[in-house]
Amino acid sequence: MAIAAALLVAVGPGAAHAADALVCEHDTTVTERFIPVELLTGLPLPAPESQALTFGEVDRTYPFVDVLPDGSVGSGEVALKGPMKWSGYRGIEFEVYERKVPRAHERFALTEDKSAIGRVYDQRFGNAYNEGKFPVGKWQQGQKKSYDTLYNTRSAVSSLEIEKLSCTYDGIAGALQYRWRTNNGLDYGYIYAPGKGVVQVFTYKGGR
């Protein structure tokens with residue numbers, strides 16, 4: 001079992017639960033990697049030589065842990081289903097996954113450059129376009145990318161930064177840890193593990 005993230009030395013509310021969050025042990029030998037869609041969905045990973053971004057069929061519900069700004073640890077469930085066709089921004093037809101979490105009902109599709117998957121719809125604000133939320137394709141350790149994004153009619157910049165391109169989470173090798181931010185102040189971290197999908201969220205500055 002991985003080392004508890006209680007090494008953050010949580011103080012105050014929720015400190016007793018900080019051990020529920022796990023550290024993803026960084027494999028520093030991996031400096032470049034092709035990140036498949038299957039890492040995000042929890043489906044079996046493709047062969048290492050595969051370079052295809054395939055939206056495989058998925059219909060599953062699974063848990064995740066959320067490390068909150070005060071050091072406390074919450075939990076929730078993700079329901080993920082798809083792929084399906086959906087007409088969104090300017091009538092563009094997207095291939096999407098539909099995702100439901102405790103605070104949102106969302107639809108996700110590939111970005112224009114196919115380097116990420118992001119929301120094209122969220123029930124809280126409507127249509128979106130070209131959001132980078134989950135890295136896919138070829139990435140390098142420490143790499144950062146920004147995306148000119150529309151959230152309904154409001155323009156913004158969403159960005160991704162690879163923190164640990166490959167790490168071991170709770171005994172599962174090949175996991176991914178990265179940071180997602182927007183220029184209007186949202187700041188989250190995520191860990192995805194093979195066969196699991198999202199397993200841990202770090203809410204640094206939320207607004208959902």
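Buried means under 20% relative accessible area, exposed over 50%, and partly exposed in between, with a 1.4 Å probe and protein chains only. This is a predicted model, in which local features need pLDDT of at least 70 and side-chain atom pairs count only at pLDDT 80 or more, while totals for chains, interfaces and linings use all residues. Residues are numbered from 1 along each chain as its sequence is written, and side-chain values use heavy atoms, with hydrogens and water left out.

View A. Y188 is buried at a relative accessible area of 1%, and Y190 is buried at 3%. Rings of Phe, Tyr and Trp (for Trp, the six-membered ring) pair if their centres lie within 6.5 Å; planes under 30 degrees apart count as stacked, over 60 as edge-to-face and the rest as tilted. The count by this rule is 13 aromatic pairs. In one of them, Y188 and Y190 are stacked, at 6.3 Å centre to centre and with 25 degrees between the planes. One aromatic cluster is made up of F108, F134, Y178, W180, Y188, Y190 and Y192.

View B. Helices (H or I, at least four residues) and strands (E, at least two) are DSSP runs, numbered from the N terminus. Two strands pair if DSSP finds at least two bridges between them. Strand 14 (residues 187-193) runs antiparallel to strand 15 over 7 bridges, and Y190 has V201 of strand 15 as its bridge partner. Strand 3 (residues 58-67) pairs with strand 15 in the parallel sense over 3 bridges; here V65 stands opposite Q200. The hairpin of strand 14 and strand 15 has 3 residues between the strands, and G195 in this hairpin takes a positive phi near 75 degrees.

View C. Q200 belongs to strand 15 and is buried, with 0% relative accessibility. A polar contact is a pair of N or O atoms within 3.5 Å; within protein, one must be able to donate a hydrogen and the other to accept it, and residues adjacent in sequence count only if both atoms are side-chain atoms. A polar atom of the Q200 side chain lies 3.1 Å from the backbone nitrogen of L22. Contact means heavy atoms within 4.5 Å. Leaving out residues up to four places away in sequence, Q200 touches A21, L22, V65, V67, Y169, G189, Y190 and I191.

**View D. Charges over rings.** A charge sits over a ring if NZ of Lys or CZ of Arg is within 6 Å of the ring centre and within 35 degrees of the ring normal. K133 lies over the face of W180, 4.4 Å from the ring centre. R179 lies over the face of Y204, at 3.7 Å from the ring centre.

**View E. Backbone details.** The peptide bond from G82 to P83 is cis, with omega near 5 degrees; P83 is placed in strand 4 (residues 73-87). K114 is not a glycine, yet has a positive phi of about 60 degrees. K114 sits in the loop between strand 6 (104-110) and strand 7 (116-122). D170, also not a glycine, has a positive phi of about 50 degrees. The loop between strand 12 (154-169) and strand 13 (172-182) holds D170, which is partly exposed at 33% relative accessible area.
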